[in-house]
Amino acid sequence: MITHLKPNSGAHVGANNSVSRIMWQVMFALMPATAFGLFCFGWPAFNLFVVTLLSALFFEAFCVRLRGKAVKPVIMDGSALLTGWLLAMTLPPWAPWWIGVVGSGLAIILGKQVYGGLGQNLFNPAMLARVALLISFPIEMTTWANVSPIILASSPDFIEGLRITFLGLVNIDASTGATTLGFVKTEFSQNHLLTDILKDNSNFLNLIGWTRGSLGETSSLLLSLGGLWLLQQKVIQWQIPVSLLLTVALLAQVFHGIDSEHYISPLLHLNSGALMCVALFIATDYVTSPNTATGQLVFGASCGLLIFIIRTWGAYPEGAGFAVLLMNSATPLIDHYIKPRIYGRDRKGKPLEIPKS
Amino acid sequence: MLSFFKKLRIRGGVHAEERKAATALPIVNDFPLPKKLYIPLQQHVGKAAEPVIKVGEKVLKGQLLAHSQGLVSAPVHAPSSGIILDVNDYPAPHPSALPIRMIVLETDGKDEWLKTSVAADPFQLDAEEISLRVGAAGIVGLGGATFPTVVKLNMGRENQIDTLIINGAECEPYLCCDDRLMQERAAEIIDGVRLMLHGMGTKSAVVAIENNKPQAFLAMQAAAEPYVQIKVMQIPTRYPMGWDRQLIRYVTGREVPVGCRSSEIGVTIHNVGTAHAVHKAIRHGQPLLSRVVTVAGGAVNRPMNVEVPFGTLISELFAFCEVNTENTARIIMGGPMMGDSLPHSSLPTVKATSGILALTTNELKNTDEQPCIRCASCVSVCPAGLRPLDMANNIRINQLDAAVDLGLKDCISCGCCSYICPSNIPLVQYFKYASGEVMARQQAQHKAEQTKKLIDARNARMERIAQQQREDELARIAAKAERERLKAEQETAA
């Protein structure tokens with residue numbers, strides 16, 4: 001007599017895939033943009049990155065322990081690490097250490113574990129934490145370090161980096177400035193025109209990420225490379241990124257076409273802020289996005305619309321985080337109304353009629 | 001461009017690793033006749049057959065052992081000659097291995113045929129006569145559904161069927177029995193198809209073969225060459241292409257409404273093995289006694305496609321194929337996507353047994369279940385257009401009615417969702433459990449309603465009787481009073 005693992009029905013064989021494999025694939029795709037961000041912003045960014053990831057792991061382990069479950073398998077699924085990673089990418093690179101710790105705590109505890117852990121959360125944990133930080137600590141969250149590559153002598157060395165991260169930045173004005181979108185917003189408020197505002201702006205530098213911004217969000221080029229790889233690996237589907245980016249670009253084109261002095265161009269929209277990161281890595285989060293292709297198109301387009309509205313007419317220069325959170329809350333609604341048609345039934349669920357011939 | 005639009009007709013599905021190479025071998029015909037055969041009386045959808053033999057009786061190969069009962073049923077015949085040892089309950093080839101009625105036949109090794117007469121030219125026979133003979137031969141759908149073929153042929157005649165589809169998809173991994181059958185017995189299958197067309201009064205047939213079986217396609221095409229009414233076509237390799245409704249939509253562009261049979265939209269579908277069985281029944285007078293079974297899996301040292309008589313114990317099949325029982329982590333009857341696991345190998349092969357797999361731990365899907373991350377892979381692979389993740393979530397919290405509303409009853413248990421799930425959630429297991437539970441609840445509710453009806457009826461009856469008694473009593477009193485009044489009147493008068 002043979003002893004069995006688990007006698008059951010259903011597929012006895014399976015695709016070679018697992019939750020942790022998906023998480024690691026996403027982290028792998030984030031690597032180029034992250035590495036470039038760390039290179040551009042040097043040791044303080046590196047410290048913040050490490051602190052954020054470690055504290056994400058700590059909070060995850062803490063919560064799992066509180067729930068009385070085995071810690072190791074949950075940590076090994078890689079989801080907490082990925083959440084910490086995504087959060088770190090959206091933080092100002094020279095932010096103090098406690099921003100990373102508080103952010104990770106918000107993301108893991110309030111963003112994920114209070115709902116019941118992996119797969120149960122309504123909002124994207126990283127975006128929730130980022131928005132909560134931005135509202136709670138507006139100064140720290142809008143202090144943008146100048147690009148100061150790790151190899152330059154003028155950039156902070158390892159010791160100086162530790163001091164910036166753990167003791168705070170002393171000479172703020174000399175080493176920080178505004179992001180492109182932030183600068184545009186401030187200048188608009190002083191009734192300047194875009195031609196003046198953007199005379200020093202370089203689309204090329206924006207594309208490769210040689211500009212002030214969040215730790216891992218500056219390089220649209222490297223982010224899109226990672227995203228394309230995820231698409232090719234079928235980890236993410238094209239619907240959300242394409243509909244989101246297309247909506248922003250189309251709206252920007254329409255308004256820029258009407259008034260090119262007061263509405264920034266589609267290219268600048270696509271190349272700046274958190275747009276690429278959000279479109280490819282945040283909005284595509286499985287847990288908080290709709291699960292049908294049509295639903296995903298609606299979700300992506302709505303995100304794009306909200307991002308454009310907040311960027312253009314809102315008080316904040318960047319609206320990606322708010323837009324994603326708002327649409328996260330609409331996801332159950334989208335899934336309720338947009339569902340696939342069942343074979344042999346019409347869209348309302350009634351059996352099809354037999355065709356008369 | 002046309003092929004692009006045809007691709008749109010395929011919904012969902014997975015490209016499961018085929019693992020067919022090891023078994024793509026010629027059909028083995030010299031399986032040693034087992035000493036004992038355990039022949040279940042129910043090897044088909046419908047009512048179990050009723051035995052017509054006695055214990056101790058000598059039977060010949062092909063002799064009727066049990067006749068069919070009712071409209072949807074199929075008879076059972078002796079797979080070899082010998083003596084009936086027993087008619088009793090033995091473990092069924094089912095995950096539960098619960099006992100069902102079986103006939104035990106001790107073979108005498110002579111394999112002596114019962115003499116039968118065959119029609120010289122079956123195409124001169126009436127269509128009804130073809131159906132009768134197919135029914136009498138105990139032929140059922142050999143693709144795995146085991147629906148009695150005669151019922152489908154009759155439905156075909158009653159409805160105007162314009163297309164007969166012959167399913168040669170064989171989309172399950174590991175299985176090669178239909179592939180080899182098509183390669184080696186193409187002419188017989190095509191003959192069976194012609195006989196079926198005749199039996200249904202249908203004009204044309206399409207043989208659909210997945211494009212991972214080019215040799216079977218060529219063989220069938222060559223065999224079908226002389227007959228304009230039979231078209232052989234290749235279809236994309238994508239599980240579950242062999243699901244009848246998926247195939248019907250791909251081939252004809254028509255969709256079978258929920259709750260209808262395909263014959264109602266003018267299409268009937270049969271398996272290639274069934275066509276072969278029809279050929280044998282009509283041309284040679286041989287009832288369905290054996291079938292080609294794929295024995296495969298990592299624990300099988302001699303994987304093969306082998307023709308075995310029904311009632312052969314799987315353990316004997318395993319001995320012949322040199323299965324390493326130490327390595328066997330799971331025994332599966334059927335394919336790895338839809339097949340059921342069996343608790344042990346002392347169970348008989350039946351008409352539904354397209355394959356017996358002995359899989360090692362490495363081949364099996366990981367059973368370490370993790371939380372659902374809503375990746376929606378299950379939604380995109382579901383050929384029926386369901387949302388398995390939502391159904392599973394509702395079943396987990398015992399909201400079975402919500403699961404039914406989401407389409408639980410439209411699930412075909414194809415296993416695509418379980419196959420693709422990165423969290424190793426046994427979704428099909430959930431759905432089968434829920435379906436069984438819903439049915440049990442409905443039965444319990446029905447029973448409660450019936451009981452209530454009976455009680456109400458009894459109460460009403462008792463009430464009626466009491467009312468009647470009261471009325472009778474009143475009438476009696478009134479009559480008595482009347483009598484006494486009359487008596488008093490008479491007395492006064494007197």
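What we have is a predicted model, in which local features need pLDDT of at least 70 and side-chain atom pairs count only at pLDDT 80 or more, while totals for chains, interfaces and linings use all residues. Residues are numbered from 1 along each chain as its sequence is written, and chains are lettered from A and ligands numbered from 1 in the order in which they are written.

Helices (H or I, at least four residues) and strands (E, at least two) are DSSP runs, numbered from the N terminus.

As for confidence, chain A averages a pLDDT of 91, with 97% of the residues scoring at least 70; pLDDT is the predictor's confidence in each residue, from 0 to 100. Over residues 1–5 of chain A, however, pLDDT stays under 50. Where pLDDT is low, the predicted coordinates should not be read in detail.

Turning to the two chains together, 38 residues of chain A are in contact with 58 residues of chain B, contact meaning that the C-beta atoms of two residues, placed from the backbone, lie within 7 Å.

Within chain B, S73(B) lies in the loop between β5 and β6, and S73(B) counts as buried because 24 other C-beta atoms are within 10 Å. Leaving aside residues up to four places away in sequence, S73(B) touches H44(B), G46(B), K47(B), A49(B), S68(B) and P148(B).

Which backbone features should we look at next? Most residues other than glycine have a negative phi, and most peptide bonds are trans. The peptide bond from Y239(B) to P240(B), by contrast, is cis, with omega near -5°, and P240(B) sits in the loop between β11 and α7 of chain B. E322(B) has a positive phi, near 55°, and is partly exposed, with 13 C-beta neighbours inside 10 Å. A376(B) also has a positive phi, near 70°, but counts as buried, with 22 such neighbours.

Notes
A residue is buried if 20 or more other C-beta atoms lie within 10 Å of its own, exposed if 12 or fewer, and partly exposed in between; C-beta atoms are placed from the backbone.
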